[in-house]
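Thanks for coming. I will take one structure and go through a few of its local features. Please have a look at the model first.

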Amino acid sequence: MSAMHRKSAPAAAPAIEPAEAANAQRRKWLGNTAKAVAGAGLLGLVDPLVRAGAWAAGSDAPEQPEVRVGFIPLTDCASVVMASVLGLDRKHGVRIVPSKEASWAGVRDKLINGELDFAHVLYGLVYGVHLGIGGPQKDMAVLMGINQNGQGITLSSKLREAGVADGDSLRKHMQAEQRAYTYAQTFPTGTHAMWLYYWLAAHGIDPMRDARVITVPPPQMVANMRVGNMDGFCVGEPWGARAIMDRIGFTAATTQQIWADHPEKVLGATGDFVAAHPNTARAVTAAVIEAGKWIDASAENRRKTAETIAAKSYVNTAADAIVDRMLGRYADGLGKTWDDAHPMRFYADGAACFPYLSDGMWFLTQHKRWGLLKSHPDYLGVARAVNRIDVYRQAAAAAGAPLPQGEMRGSTLMDGVRWDGSDPAAYADGFKIKA
């Protein structure tokens, strides 16, 4: 057990306060929250949130009243940030302290050593650490899905000038040039690596043999493409939109074109932390669920969210680079514009938040496909151990979120291959291009 975990051992449950003391605490919380959200133009929401609040006390009280939640500067950190900004965390008896991190490797290390209690984190990173293939082995937990969709594959303006517009033209260009092309992803076992590999392979490009793949932190993607360090990259927004705005690249594919309503970031923690702080895990999960619900409730809420997270302390870019794609309004940098049927979703009537076992299993199939796993794992057993559906059910009840009918779901990806979790080993072995 880490020093942080020893230091944050479960505390004695506070006594339930008399009505006057509770009301005083409530007024104090309202004042503090009002100050926090006034700058974001969200002050009118505070009182309704307080009126709807459920104050955790007694045996249900969070064991740790303040938690550090890591995030990477990406649009999809929004529900973690807004849970704090809107005071939804206080509603559930905790205080979220968002912690801006420089790289996914840094997030991994700080989760493992206890410097972070939770994190907005890559789905595949959590599974990689749990199996010891993405760093030191540590039992991990996925508490909920933070979002679906909203990532993208960007190719350089030099490729556009050479006539490349999509995956098929990229393959033909690479075959004609016969040189090593470099593509960047954000973490070897993470979502962006898997989307990039899947997209390349679906167009007949073997990412392990036909390309050079490097790891670059999300906020550094645009700068690295600007100086010619890569020909393409896969990353979360707003960095795909930023590349277009800066005229250094174009969107060759969105990840929802690879897999409509795919799983993306999750709320992650170590298994040890969740075991020692189950009420805290429930409370933080419930707060982030409610923040996702609020973001998805209206276009105006999405605009306010974009303005909030654009700040230097969060994503640190112009709100204009965030808001359009957050609203599902896309331009690819080649002259095409569209309203996407599968935009980034933070709630989607609970579907974006539920930690489906089949979603976690899919990442394991891709780890096996690309040689990160040398043998087939116990796909369902690992998913049941990592995806803490028990905690999610409690958090969903606290947040008023509906539950799906089952713990698995099915989807057909861009190459026409269906995934439903029923035979993961056959699925992993069935691809023509694989390690």
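This is a predicted model: local features need pLDDT of at least 70, side-chain atom pairs count only at pLDDT 80 or more; totals for chains, interfaces and linings use all residues.

Residues are numbered from 1 along each chain as its sequence is written, and side-chain values use heavy atoms, with hydrogens and water left out.

First, the overall picture. The chain has 435 residues, and 58% of them are buried. Buried here means under 20% relative accessible area, exposed means over 50%, and partly exposed is in between, with a 1.4 Å probe and protein chains only. The secondary structure comes to 21 helices and 14 strands. Those are DSSP runs numbered from the N terminus, with helices being H or I of at least four residues and strands being E of at least two. Take the contacts between residues at least 6 apart in sequence: 78% of them join residues at least 24 apart. A contact means heavy atoms within 4.5 Å.

Now helix 4. Two packed helices are described by the angle between their axes and the distance between the axes. The axes are lines fitted to C-alpha atoms, for helices over the stretch in contact, and the angles run from 0 to 180 degrees between N-to-C directions.

Helix 4, residues 78-85, packs on helix 16, residues 299-309, at about 90 degrees, with the axes 10 Å apart. The two helices are therefore roughly perpendicular. On that scale, under 35 degrees is roughly parallel, over 145 roughly antiparallel, 65 to 115 roughly perpendicular, and the rest oblique. Helix 4 brings Ala 78, Val 81, Met 82 and Val 85 to this contact, and helix 16 brings Thr 305, Thr 308 and Ile 309. By class that is 5 nonpolar, 2 polar and no charged residues. The classes are these: Ala, Val, Leu, Ile, Met, Phe, Trp, Tyr, Cys and Pro count as nonpolar, Asp, Glu, Lys and Arg as charged, and the others, Gly among them, as polar.

Helix 4 also packs on helix 15, residues 278-296, at about 100 degrees, with the axes 8 Å apart. On the helix 4 side the contact uses Ala 78, Ser 79, Val 80, Met 82 and Ala 83; on the helix 15 side it uses Ala 287, Val 288, Ala 291, Gly 292, Trp 294 and Ile 295.

Next, space inside the model. Both terms come from a 1 Å grid over the protein atoms alone: a cavity is a set of points where a 1.4 Å probe fits but cannot get out, a pocket is an open set with protein on both sides within 12 Å along at least five of seven lines, and lining residues have an atom within 4 Å of a point. Grid points are joined across faces, edges and corners, and a volume is the space filled by probe spheres set on the points.

How many cavities of 30 Å³ or more does the structure hold? The count is 1. The largest cavity has about 60 Å³ of space. Its lining has 13 residues, with Gly 145, Pro 263, Ala 352, Phe 354 and Asp 359 nearest the centre. That lining divides into 7 nonpolar, 3 polar and 3 charged residues.

The second largest pocket holds about 240 Å³. It is lined by 17 residues, and Ser 156, Lys 158, Gly 228, Met 230 and Asp 231 are the closest to its centre. Helix 8 (157-161), strand 6 (181-185) and helix 11 (221-226) each give two or more residues to the lining, and helix 8 gives the most, with 3. By class, the lining has 7 nonpolar, 6 polar and 4 charged residues.

Last, some backbone details. The peptide bond from Glu 237 to Pro 238 is cis, with omega near 15 degrees. Pro 238 sits in the loop between strand 8 (232-236) and helix 12 (239-245).

Gln 178 is not a glycine, yet has a positive phi of about 50 degrees. Gln 178 lies in the loop between helix 9 (167-177) and strand 6, and is exposed at 72% relative accessible area. Asp 349, also not a glycine, has a positive phi of about 55 degrees. Its loop runs between strand 12 (337-339) and helix 18 (357-369), and Asp 349 is exposed at 65% relative accessibility.
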